[in-house]
Amino acid sequence: MSSHKSESHTITPPASAPGVAFVDPELRIAEADPAFVEIIGLHVVPIGAPIDTVLPPTSPPLAALVGESLIKKQPVLDLLLREEGGTRRWLVSLYPLLSRVGRALGVDLILSAISDDPVADPDGMETAHLALKHQRFHIGQSDGPFRAVFEQADVGIILTGPNGGLLAVNPGFCAIVGYDPEALRNMHPRDLTHPADRATELEQLERVLRGEQAPAIEKRYIHRNGNPIWTQVARTLVRNPDQSVQFGLILVQNINAAKQAEEALRVSEGLLRRLADNATIGLLISERDGSISYINPALRTLLGYEPDEFGAVWQDLTPPEYHVRDAQAIAELRRDGVCRPYEKVFLSKDGRRVPVLVGIAAIDHDPNGEAVFAVFITDLSSLHEAEAALAQTYQAEQAARRAAERSAERAERLLELTAALSRALTPEGIASVVISNSLEMLGAEVGVVLIVEHDQQQIRILDSSNLDPAVRTEWERISLALATPLTDAVRRNEPVWLENIAAREQLYPHLARAYPSDEERSWAALPLSLGQDSIGVIGLAFPTARRFDADERTFLTTVAGLCAQALERARLTASEREALNAADEALALLDTLINSAPIGLAFMDNDFRYRRINAAMAQINHRSASEHIGRLARDVFPQHAPIWEHYWQMVLETGEPIIDLELTNRDSQATQPVGESDQASGDRLTSSYALVSYYPVRRLDGEVLGVGVIVQDITERKLAEQERAQLLAGAQQAREAEQAARARAEEALRIRDAFLSVAAHELKNPLTSLLGQAQLLRRRLMNGQDLSEANQRSIDVIVSQSQRLNQMITDMLDSARIEAGQLTINRTPFDLNWLVRHVAEDVQVRLNRHQLRYVTGDQPLMIEGDAVRLEQVLQNLLSNAVKYSPAGGIVEVRAVGTDTQALLSVRDEGVGIAAEVLPMLFERFYRAPNEETRQVGGVGIGLYVVREIVVQHEGTISVQSSPGQGSTFTVHLPLWRDSY
């Protein structure tokens, strides 16, 4: 509002209705009505003309006012414009039009001409202002053009009375709040205002009432459905000449969608800002005028600038010689919205020229104008440095290639040496191979291999080449206390290199005096190292001075390592053979002790099944040994076993032995019988007596495997005692007989206790050692060791019989665990195909007459189970297939999968099984009555254990067979649940 004071004057309200025009963001006339054209004094609508060319220059400038309204996105109401240098005046109001995302699309311009008496009142601003507002009100209530604007405007318009009540609302406002005009008639504007925005609205109203220019505010109206609606509200008052409020005008623009978009944009801008700030490449945002609006930390770090230290435009960072290329990139950017990356140089803060790769993309692309664009900068310094070093690297690569060729040649020689060493079986043979190969490969003149003696005090020659016989005799054995290259290499466990005569004279002057030489020579002494220890040394002499470079030293050290390993392998082979012989002797001795013991010995497992029994015990029980082994005591002796089991159970539960029970075969159940007589013969046996002890049999880890039974026949002693009782005054001879009997009994007890200790605690140890050593020996022999065919067959028999015995023991123990409900299954996911291949390859090496084939899929066949137990199942089935195919033939293992199951089958071409015995095949101790397999060993529990393991894996096992056609056993297992 003007600050000029009013004097005596005459005011004439605007001569015509106001004109309306729409001005775009480039400040050009986009639309204009006839009233606007008439007011500015033109004959045609000036579409596309700049606003500052349509009107004459005004004060204040109209273009600046429009630009300010666009930038601030706020209306400018009722400003008086004066023609500079003329007499015309206009009253103007500006209303910015915003898009749904809050972008300014242009400005609605309402222009009214003011006529007055310029002589009487050169300004007339305040009176004209009030007159125009008064006229607007009446025009708004009339049927004139302004009434049409009021009804058809996109924005909401509210007219309020002096007390703030609603006078009129247009359809635009009704659409914003969802009420019809009738519903709004009796409502106050504050009833529609969100409670949180009432204070802001009141502050705006108070400023307007004080006559101040109040900016537009953002506030929320409450929609009829209860939802808040964001709006932009501009407010002005029309006063009477006495300054009282005549009415109020409120313009309401719906910006709800814009606010939602603004929030989404804020979140998006925050995310993009974080991405840019944390990017590893440089990023620069340039505005349309080329000024920098953003640089990220990566670019600041690259160029060494602080955020406020960059130039006004990004080209300021570029040397002049790149300006033309930048201009080409900008032209391409304006045309396509993006330009191809190109290389250039940026100037850092300290003046360095930083090579970079630049890519530019338009953010707000306008093909007809300037664009806001993003510049992406990648540091090429490292790349250029790498290119600069490429030539040097090429030279190094050429040298490395030549070295690699030498290394390849030496590697080939090492492979030949390794193959030769694998064929040598004795230390002397190994030494000979090493010397001959070393002389050939290295050009040495003399070679010798020495090993450390058992006393660790000296070394002796294993083999030599080109060594003078007299020298060899003199140095056949060398004390480690003597200072020589060979002994120093052994003591220090590191090589000794003498590259010339001077080096030998300096380090070993006593050798130079004893063995002078007028020819230049060189020597190398290489320890035969095994870890931290040295077991010998290789000595090489060369006919000329020689510089041993790093590659050659590594090669010679490798040769020495191969020699040391070969010597250790030969030593272990000899030791293993000795251990195998000792194990054979121990096992034979154990069998001899058990079978020749003068007392009865038996071993019962935890199910009270006979596992081992000697001849003396079998005789006491009046049964053959074969009638005991593998059978429950309850099945062999149905009358007496329940009584014995009482004591055996006590031993298992307490872990303590029960010693020296005196039993007779004619006592009642209170005194336990020893065994049963053959009542079928009708012979009446005299009473017999025995001294019985029961011991827990434990493994080394303390686990109880069963009960050991020791029975000593004391019938003679008991009869002697009875005879002595009858002859109270018996002679000295009877007493001596009694003492002798007692002595024999005590000796038998001593033997019994000693044997029980061996049988209970040491029986499985030699068997385990025998099996382990035999398998280790066989594997090593298979890796290349030569051995006679007879010895090989002997070893195979040892391994085969040990494995058979171990399998029988394992099956018996597993059968006992099954009966006791103690068989443990530890399930983990694994590939069944892998298990089939692993077991098949292990079994194949032990087959002589049979051919083993296995079929597996390319993809893993995953199940959840105990790999060890399922390997036991497959080993057992394969063992049966081989045993019951006496003529040889093909044994096939196949693993396939269905949708939910894995099928594991073993097929043989053996004797087959009759249909009537198939249902009993998996029963404990059952063996099919087949004449062709009568000589095949076994106790009939393998398939029983197999079935129980499969059942505990929630699977099933089936068999298809017929006599003479072979058999096929198939195991069905559920797939791992994550496999389908």
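Hi everyone. Of the 980 residues of this protein chain, 43% count as buried, where buried means under 20% relative accessible area, exposed means over 50%, and partly exposed lies in between (1.4 Å probe, protein chains only). Please keep in mind that this is a predicted model: local features need pLDDT of at least 70, side-chain atom pairs count only at pLDDT 80 or more, and totals for chains, interfaces and linings use all residues. Residues are numbered from 1 along each chain as its sequence is written, and side-chain values use heavy atoms, with hydrogens and water left out.

The chain has 28 helices and 35 strands; helices (H or I, at least four residues) and strands (E, at least two) are DSSP runs, numbered from the N terminus. A contact here means heavy atoms within 4.5 Å. Among contacts with a separation of 6 or more, 56% come from residues 24 or more positions apart.

Let's go to the core. Which residues have the most contacts inside the largest nonpolar core? They are L877 and L878, in a core of 43 residues. By nonpolar core I mean a set of buried Ala, Val, Leu, Ile, Met, Phe, Trp, Tyr and Cys residues joined through side-chain atoms within 4.5 Å. At least two residues of this core come from each of α26 (832-844), α27 (867-883), β32 (889-897), β33 (901-907), α28 (942-952), β34 (956-961) and β35 (967-974). If you click on L877, you will find that it touches V906, L943, V946, I957, F969 and V971, not counting residues up to four places away in sequence. Another core, of 35 residues, lies apart from this one, and I435, F542, V559 and A564 are among its members.

β30-β32-β33-β35-β34 is the order of an open sheet of five strands with mixed pairing; two strands pair if DSSP finds at least two bridges between them. β30 (850-855) and β34 stand at the edges with a single partner strand each, so one side of each has no neighbour in the sheet. From one strand to the next, the twist averages 15 degrees. Inside the sheet, β32 and β33 run antiparallel and are joined by six bridges, with V893 having V906 in β33 as its bridge partner.

Next, the helices. α26 lies across β30, β32 and β33, running at about 165 degrees to β30. α28 lies across β34 and β35, at about 135 degrees to β34. These angles run from 0 to 180 degrees between N-to-C directions, and axes are lines fitted to C-alpha atoms, for helices over the stretch in contact.

How do two helices meet? Two packed helices are described by the angle between their axes and the distance between the axes. For α27 and α28, the axes come within 10 Å and cross at roughly 145 degrees. On the α27 side, R869, Q872, V873, N876, L877 and N880 meet G942, L943, V945, V946, I949 and V950 of α28. The residues of this contact divide into seven nonpolar, four polar and one charged; Ala, Val, Leu, Ile, Met, Phe, Trp, Tyr, Cys and Pro count as nonpolar, Asp, Glu, Lys and Arg as charged, and the others, Gly among them, as polar.

Two loop residues next. Is G888 buried or exposed? G888 sits in the loop between α27 and β32, and it counts as buried because its relative accessibility is 7%. Leaving aside neighbours within four places in sequence, G888 is in contact with R849 and H850. D154, in the loop between α5 (145-152) and β8 (156-160), is exposed because its relative accessible area is 75%.

Last stop, strand β23 (residues 533-542). Eight of its 10 residues are buried, so β23 is largely enclosed by the rest of the structure. Strand β18 (residues 446-452) runs antiparallel to β23, with six bridges, and V448 has G539 as its bridge partner there. Strand β22 (residues 522-530) also pairs with β23 in the antiparallel sense, over nine bridges, and A525 stands opposite G539. β22 and β23 form a hairpin with two residues between them, and G531 in the turn has a positive phi of about 70 degrees.
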